[in-house]
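Here is a note for a colleague who is opening this structure for the first time. The points below can be read one by one with the model in view.

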Amino acid sequence: MSQKRDYYEVLGVAKDASPDDVRKAYRQAALKNHPDRNPGDAEAEARFKEATEAYQVLSDEQKRARYDRFGHAGVEGMPDAGGDIFTHFQDIFSELFGGGFGGGGQPRRRGPARGHDLRVQQRLTLREAMVGAKREVVLRTPATCEECSGTGAKPGTKRKQCGTCDGQGQVSTSRGFVMFTQTCPECRGEGSVVKTPCESCNGQGAVEKTRKVVVNFPAGIDAGQRLRVPGQGMPGSQGGPSGDLYVDIDLAPDERFERDGADLVTRAPVSFSTAVLGGSLEIELPDETRATVEIPAGSQPGEIVTVRGKGLPRVDGRGRGSLQAVVQVEVPKHISARAKELLRDLDAELGKQAEKATTSKTAS
Ligand SMILES: [Zn+2]
Ligand SMILES: [Zn+2]
């Protein structure tokens, strides 16, 4: 575990920074490092989490006071309003930027906001990766309930002020000598509750919708790569643009081939005589085309025969990789008496040749 950085240092504010300064500093850091803006950038994500953690403490008067007195140890294990950091950051986020999800009809949204990005994973076969694929991806996402326009209240009724927190969204509890302020568990910080729930969404303000998006996987795509489908993320709020859909690629293992970038690696099983005399071998590729592998005379087990242009296409269009066939000499387990005799003769012959080679070497 690495040493935790000082929260003030993380946000780049002075020890006596006002709550407003803290908020502004976090907003800046969050905008810059938000995972949706830096897909795949683990460092940005780490910075984002670090800033969020710092903000959670420094934006809370009591946590900040404890942090000032006792450092990180003072705030460790203190209850968070939302539990894990991501639920929490969503709250902070919708508060800071408007839009987002889970706002449940809160009258807080200011101006158009871009929708969130979505991420899904898709597993392709080697064949699909080689020839490309077009696939319908099913997305399950929350969408604003049209019945109640996201308020959660049955049409014709209104939300009422939360009685637990008197509309404040926060409640204070004391444990021993310490007072904790927590997000109100009754209204989850919204300050109001649904009196008569909307029947379509059970008062949630959002319903799950399935949506199909056709995604084109280009030939040559590889595991670990990520496709971006613009505009297919969550819809924006108040006319803001939709987010993007990111598709993470995964490849199913293949029985016959391994992939090495644009190259295909496979076994080329040959008989002892083919290895000695040379020959050719037909291999069916994952895209069902065939490649002829020319085995040179005197091939050793494990030697690689390269067939250019028979690998996968490169995504950037710069041609294709190669087929790499690894020579495997097959040794028969059961052979006839005649074959045994022939082999002994062959062995004797090869032995004589080897002897000749050694003597001629020592002679010269
Ligand atoms: Zn509803
Ligand atoms: Zn409440």
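1. In this predicted model, the largest nonpolar core is made up of 37 residues, and Phe217, Val247 and Val293 are the ones with the most contacts inside it. Strand S9 gives the most to this core, contributing four residues. As general background, nonpolar side chains in soluble globular proteins tend to be buried together.

2. Helix H4, which spans residues 61-70, has Lys63, Arg64 and Tyr67 as its buried residues. Because these three cover an arc of only 100° around the axis, they lie on the same side of H4. The face turned away from that buried side carries Glu61 and Arg69, which are exposed. The cover over the buried residues of H4 includes helix H1 (7-11), helix H2 (19-33), helix H3 (42-58) and helix H5 (72-75).

3. The two ends of H4 can be described as well. At its start, a side-chain oxygen of Asp60 reaches to within 3.0 Å of the backbone nitrogen of Gln62, while the residue that follows the helix is Gly71, with a positive phi near 70°.

4. Turning to charged pairs, the count of salt bridges comes to 21. One of them joins Asp244 and Arg228, whose closest N and O atoms are 2.9 Å apart. Asp244 sits in the loop between strand S8 (226-229) and strand S9 (245-251), whereas Arg228 belongs to strand S8, so the pair ties together parts that are 16 residues apart in sequence.

5. Glu284 pairs with Arg290, with the closest N and O atoms 3.9 Å apart; Glu284 is partly exposed, with a relative accessible area of 32%, and Arg290 is partly exposed, with a value of 47%. The side chains of Glu9 and Arg5 also meet in a salt bridge, at 3.4 Å from N to O, and here Arg5 is partly exposed, with a relative accessible area of 38%.

Terms used: Residues are numbered from 1 along each chain as its sequence is written. Chains are lettered from A and ligands numbered from 1 in the order in which they are written. This is a predicted model: local features need pLDDT of at least 70, side-chain atom pairs count only at pLDDT 80 or more; totals for chains, interfaces and linings use all residues. Side-chain values use heavy atoms; hydrogens and water are left out. A salt bridge is a side-chain nitrogen of Lys or Arg within 4 Å of a carboxyl oxygen of Asp or Glu. Buried means under 20% relative accessible area, exposed over 50%, partly exposed in between (1.4 Å probe, protein chains only). A nonpolar core is a set of buried Ala, Val, Leu, Ile, Met, Phe, Trp, Tyr and Cys residues joined through side-chain atoms within 4.5 Å. The arc is that of the directions from the helix axis to the C-beta atoms. Contact means heavy atoms within 4.5 Å. A polar contact is a pair of N or O atoms within 3.5 Å; within protein, one must be able to donate a hydrogen and the other to accept it, and residues adjacent in sequence count only if both atoms are side-chain atoms.
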